[in-house]
Every structure is written in C-alpha cells, then in structure tokens.
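Hello,

Here is the structure I promised to pass on. Please open it beside this email and follow along.

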Amino acid sequence: MAHWLYKSEPFKWSWENQVAAGAKGTHWDGVRNHLAKQQLLAMKLGDRGFFYHSNEGKEIVGIVEVIREAYPDPSDPSGKFVMVDVKAVEPLKNPVSLAAVKTEPRLAEMALMKFSRLSVQPVTDTEWDIVLEMAGGTR
C-alpha cells in the first residue's frame, strides 16, 4: 500500500466536510499540475493518505482512503486531468502542524518540505510512521 498527502484549504473543503461525506466519500478534483496528476494516477484502491489543512491551520488532521482509482475530472475542459475518490478513515489523535514537521529532522526530505505547493504528494512508509508517532497514533 502506498501513502499520500492531500492538501485542502479548510474554507473550501475541510476535514469536517470529508467526514460528513461518510462512506461514499467524495472526489478529489481540481488538480491542475502534471506531477500531482501522476500521483493521482499512481493511487490504488485502499491506499491511505494524510488529510492536510493548508493555508489555515497548516496541519495534518486525519487519514483518508482511496475508494475509486483515477478517472477523468469533468471540471477540466482540456480532458487532461484526473481525480480519485477518497473517504475519511479517522482523525489523528493530535494534529501534526507544519511547524512540527519542519522541526523533525527525520522528515527533512518529506515532499511536504520539498514541494510545498504540490496539492497531492507521496509519503514514504517511514514518513507515515513518523507522522503517526508525532500525532500519538490515531484516535
């Protein structure tokens, strides 16, 4: 299983919105970056990812799971971009702030540090475990 990080501005789509979507989940659309598109295409059913509040809060707050693999994003008039569907799995026991990630030397190479503007990012297994450790596990 691969791991990912999904960035969302809470005023547009928050963790609370994701949880409210329930088991049917929601589509992760609007990605217009070719590297992020490649990440979406690599996602498989059951892959898990961190849900990250960007701009406001700047923290990892929960875990989502891919429930539908990449398919065309109808909001893209060019037809070049895709989206996946994800559902909320569970919140982190304690959100992990961007500031905390920046001070953790073991996360210095994390895509969140290197490609901060990328809306969908890979997370290594080691990084996944470190973030969960920092969060005190899940609820």
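Keep in mind that the model is predicted.

Start with the partners of arginine 106. Its side chain meets that of glutamate 104 in a salt bridge, at 2.9 Å from N to O. Glutamate 104 is buried, because its relative accessible area is 16% and buried means under 20%. Glutamate 133 also forms a salt bridge with arginine 106, and here the closest N and O atoms are 2.9 Å apart. This second pair links distant parts of the chain. Glutamate 133 sits in helix 5, while arginine 106 sits in the loop between helix 3 (98-103) and helix 4 (111-114). The two are 27 residues apart. Glutamate 133 has 51% relative accessibility, so it counts as exposed. Together, Glu104, Arg106 and Glu133 are linked in a network of salt bridges.

Why can such pairs form? Side chains of opposite charge can pair when their charged atoms come close.

How many salt bridges are there in the whole structure? A search finds six. Another one of them joins the side chains of arginine 48 and glutamate 65, at 3.0 Å from N to O. Arginine 48 lies in strand 3 and glutamate 65 in strand 4, so this pair ties together parts that are 17 residues apart in sequence. Arginine 48 counts as partly exposed, at 27% relative accessibility. Glutamate 65 counts as buried, at 16%.

Six of them form an open sheet, in the order 2-5-4-3-1-6, with mixed pairing. Strand 2 and strand 6 (120-123) are the edge strands, and each pairs on one side only. From one strand to the next, the twist averages 40°.

Strands of a sheet pair through backbone hydrogen bonds, either parallel or antiparallel.

- Strand 2 (residues 26-28) pairs with strand 5 (residues 82-97) in the antiparallel sense, over three bridges. Histidine 27 stands opposite aspartate 85 of strand 5.
- Strand 4 (residues 59-72) is also antiparallel to strand 5, with 10 bridges. Here glutamate 65 faces lysine 87 of strand 5 as its opposite residue.
- Strand 1 (residues 3-8) and strand 6 run antiparallel and are joined by four bridges. Tyrosine 6 has valine 120 in strand 6 as its bridge partner.

**Helices on the sheet**

Helix 2 (residues 34-42) packs on the sheet. It touches strand 1, strand 4, strand 5 and strand 6. Its direction makes about 95° with that of strand 5.

Helix 5 (residues 125-134) lies across strand 1, strand 3 (48-53), strand 4, strand 5 and strand 6. It runs at about 55° to strand 3. Which residues of helix 5 are buried? They are Glu127, Trp128, Ile130, Val131 and Leu132. These buried residues pack against strand 1, strand 3, strand 4, strand 5 and strand 6. After helix 5 comes glycine 136, with a positive phi near 75°.

Take a closer look at isoleucine 130, found in helix 5. It counts as buried, at 5% relative accessibility. Leaving aside neighbours within four places in sequence, isoleucine 130 is in contact with Glu104, Arg106 and Leu107. Isoleucine 130 and leucine 107 are 23 residues apart in sequence, yet 7.9 Å apart in space, C-alpha to C-alpha. Glu104 and Arg106 bring you back to the salt-bridge network.

Best wishes

Conventions. Residues numbered from 1 in each chain as written. Predicted model: local features only at pLDDT ≥ 70, side-chain atom pairs only at ≥ 80, totals over all residues. Heavy atoms only, no water. Pairing = 2+ DSSP bridges. Axes fitted to C-alpha atoms, helices over the stretch in contact; angles between N-to-C directions. Contact = heavy atoms within 4.5 Å. Buried < 20%, exposed > 50% of the residue type's maximum accessible area, 1.4 Å probe, protein only. Salt bridge = Lys/Arg side-chain N within 4 Å of Asp/Glu carboxyl O.
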